[in-house]
Amino acid sequence: MTGQAANAKLMQAFLSDDLIFHPSPEFRNNANVQDARIYLDAEENWLQYWDKEAGNLHWFKKWDRTLEWEQPFAKWFVGGKLNAAYNCIDRHLREGRKNKAAIIFEGEPGDSRVLTYQDLYREVTKFANVLKDLGVQKGDRVSLYMPMIPELPIAMLACARIGAVHSVVFGGFAAEALRDRINDAGSKIVITTDGGYRRGKILPMKKNVDTALEENTTVEKVIVVKRTGAEIDMVAGRDLWYHQLMEDAVIGCPAEAVGAEDMLFILYTSGTTGKPKGVVHSTGGYLVGASSTHRMVFDIKEDDIYWCTADIGWITGHSYVVYGPLANGATTVLFEGAPDYPARDRFWAIIEKYAVTVLYTAPTAIRAFMKWGEQWPAGRDLSSLRLLGSVGEPINPEAWLWYHEQIGRGRCPIVDTWWQTETGHIMISSLPGITAAKPGSASIPLPGLELDVVDPAGRPMPAGQSGFLVIKRPWPGMLGTIYKDAQRYVDQYWGRFENMYFTGDRALKDKDGYFWVLGRVDDVINVSGHRISTMEVESALVDHPAVAEAAVIGKKHEIKGQAISAFVTLRDNYTYTDQLVKELKAHVASKIGALARPDDIFLTAELPKTRSGKIMRRLLRDIADGKTLGDISTLANPETIMQLKEQYAE
Ligand code: PRX
């Protein structure tokens with residue numbers, strides 16, 4: 001059957017509403033989890049379930065209590081002592097993995113490096129000693145602003161080894177966004193590079209750090225990894241070369257026994273205000289959750305070559321490029337570049353080159369691959385693949401089916417994994433050996449977890465009706481708090497419903513109990529799986545001298561899932577020009593990063609507002625999605641919205 005014919009058949013099955021994919025007997029018989037009783041057993045005693053999972057890690061001191069729950073603050077594995085780097089490296093040296101590849105690195109230009117667990121031990125302990133020599137102590141924050149090169153996980157693990165807290169900032173963020181994140185964390189050290197490769201160009205990472213640090217008072221040293229050889233300024237007394245520091249560093253550094261509740265990292269994510277939230281993850285619960293879910297959902301075996309394509313600057317990279325796979329002693333692929341450079345078959349070339357067995361990527365990438373055409377994967381040997389994963393946004397059934405057929409060649413189960421920066425690890429996903437998959441649904445919560453869909457009063461919704469997605473009991477990887485803003489943590493996640501964590505997502509449960517996540521209900525846009533707050537983009541726009549007021553919305557986009565549309569009113573003395581629109585887009589990119597650049601900006605005399613002055617974003621969203629307008633009777637200026645609708649249609 002040709003790819004197209006197979007796809008047409010699958011689409012037909014989907015439309016007839018009976019499209020379910022059961023694991024093959026062969027997959028099931030070899031799976032890490034084969035018995036569906038795991039759900040019932042975990043349900044019967046969920047604390048005991050997590051206790052057992054925690055037993056897979058190495059603890060310097062066993063915990064006294066599994067959970068202390070003073071809503072909304074949870075303490076997991078209280079009294080336990082461990083070290084994340086020790087779990088990701090040292091214990092594997094004793095368990096026969098000394099010469100096993102821990103990290104397979106593929107650089108954008110095609111350079112490649114393999115680090116065994118022994119190599120990782122050497123590099124991490126040396127760099128841990130470098131940090132110590134520079135005065136970094138337990139609890140100190142270190143900001144990392146780097147491309148996807150081995151020195152990034154090395155630096156993360158070196159921080160973890162000495163009990164310092166890392167805060168990784170995605171390399172695509174602009175100087176100002178970086179500055180806010182360094183300042184909020186109060187970092188002592190920043191680690192960066194002389195640039196990173198992106199589609200043949202070099203990203204000016206060091207220059208962004210220099211700008212970000214202009215008025216900074218906490219950062220003492222900047223450590224620079226030489227990656228590209230690009231010319232950069234080194235500030236005397238502050239900036240140090242990584243390779244020079246490493247030359248004299250000693251191998252071997254004790255792994256600090258930290259408390260299970262001690263902070264492992266801060267990761268900033270967008271919320272509903274303009275200010276990013278520093279999501280705090282602790283060591284014990286996070287590592288238990290990340291490693292346990294990684295082993296079960298990805299069915300990890302000793303000889304797997306596992307590749308998660310996410311950037312480490314996001315939570316997916318933290319949990320499923322670094323901590324989950326390394327804690328499990330797996331081989332993890334690290335890729336620096338883009339899927340279409342130098343050609344549109346780069347992913348497939350990498351799978352062929354390293355014989356990747358498990359691939360975890362995002363719907364936005366899959367939709368781009370679909371658009372580029374099946375000739376790209378068709379020309380490569382993908383026979384090593386045995387399992388596929390998806391994350392970041394709902395995967396539309398068409399993309400699911402294409403992924404299944406063109407990449408999995410009809411053989412590989414797909415796990416659609418729902419989770420968030422705040423949850424730390426996967427919460428809803430099929431277990432590939434036992435759960436049947438329905439394309440478009442993330443399926444059911446993993447064992448030991450309790451999620452539900454509720455109405456505004458917190459009552460469970462009947463099957464098939466959409467409501468708010470909530471989590472009803474604590475889970476090990478849950479965020480501890482928002483850094484320096486516990487009140488925001490309480491209000492944001494626990495203020496909406498009594499006794500439940502509110503995810504910010506809308507979802508429904510079908511008659512089989514499968515969860516279908518439908519998108520966000522708050523002012524967060526999901527662009528290519530990246531969370532962007534409308535407020536952040538709005539503040540970047542009004543920061544421009546020409547802009548009086550701005551309203552930003554997410555509109556449907558074929559590949560990115562959502563794209564950013566902005567509606568802007570100008571100050572007096574400024575007139576509409578195409579040049580100004582370009583300038584405003586560039587302004588947003590320069591303040592936040594290219595990921596936040598609006599696709600389109602509409603200049604308008606007025607924004608639609610209620611009589612109390614609130615901007616009606618809902619109506620703007622309707623216009624952008626080409627829907628018929630909802631109720632406009634509460635508008636103070638109904639004529640505005642009609643004009644905008646006409647303008648948009650042009
Ligand atoms: O809306 C959901 C969507 O991404 C949000 C979390 O974004 P972030 O914290 O950046 O983490 C992304 C990677 C874990 C969620 O609130 N989301 C994530 N995965 C899925 C999803 N929506 C539907 N299906 C998914 N599999």
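Which domains does the domain assignment of the protein chain give? Domain 1 covers 24–338 + 417–494, and domain 2 covers 524–649. These bounds come from an automatic or database domain assignment. Before you click, note that this is a predicted model: local features need pLDDT of at least 70, side-chain atom pairs count only at pLDDT 80 or more, and totals for chains, interfaces and linings use all residues. Residues are numbered from 1 along each chain as its sequence is written, and side-chain values use heavy atoms, with hydrogens and water left out.

**Stop 1: the two domains**

Colour domain 1 and domain 2 separately. Their C-alpha centres lie 34 Å apart. Now select the contact (heavy atoms within 4.5 Å). Domain 1 supplies 19 residues and domain 2 supplies 15 residues.

The size of an interface is often given as the accessible area lost when the parts come together. Here the two domains bury about 1200 Å² between them. Of that area, 48% is on carbon and sulfur atoms. Buried area is the accessible area (1.4 Å probe) that two parts lose on being put together, summed over both.

Next, show side chains at this interface. The rule finds three salt bridges across it; each needs a side-chain nitrogen of Lys or Arg within 4 Å of a carboxyl oxygen of Asp or Glu. Select R531 and E422: they form a salt bridge, and their closest N and O atoms are 2.9 Å apart. On the side of domain 1 that touches domain 2, the largest share, three residues, comes from α8.

**Stop 2: the eight-stranded sheet**

Switch to cartoon. Helices (H or I, at least four residues) and strands (E, at least two) are DSSP runs, numbered from the N terminus. Eight strands form an open sheet with mixed pairing, in the order β12-β11-β8-β6-β7-β14-β15-β23. Two strands pair if DSSP finds at least two bridges between them. β12 (239–241) and β23 (481–482) are at the edges; each has a single partner strand, so one side of each is left without a neighbour in the sheet.

Now find α8 (residues 175–185). This helix packs on the sheet, touching β6 (141–145), β8 (189–193) and β14 (263–269). The directions of α8 and β14 make an angle of about 145°. Axes are lines fitted to C-alpha atoms, for helices over the stretch in contact, and angles run from 0 to 180 degrees between N-to-C directions.

Move to β15 (residues 277–282). Two bridges pair β15 with β23 in the antiparallel sense. Select V279: its bridge partner in β23 is I482.

**Stop 3: the four-stranded sheet**

Here β21-β22-β24-β25 form an open, antiparallel sheet in that order. Which strands stand at its edges? They are β21 (451–454) and β25 (515–520). Four bridges join β21 to β22 (residues 467–471). Pick D452 and see V470 opposite in β22.

**Stop 4: backbone details**

Most residues other than glycine have a negative phi, and most peptide bonds are trans. Zoom in on Q71 and P72: the peptide bond is cis, with omega near 5°. P72 sits in the loop between β1 (65–70) and β2 (73–78). Finish at D299, where phi is positive, near 50°.
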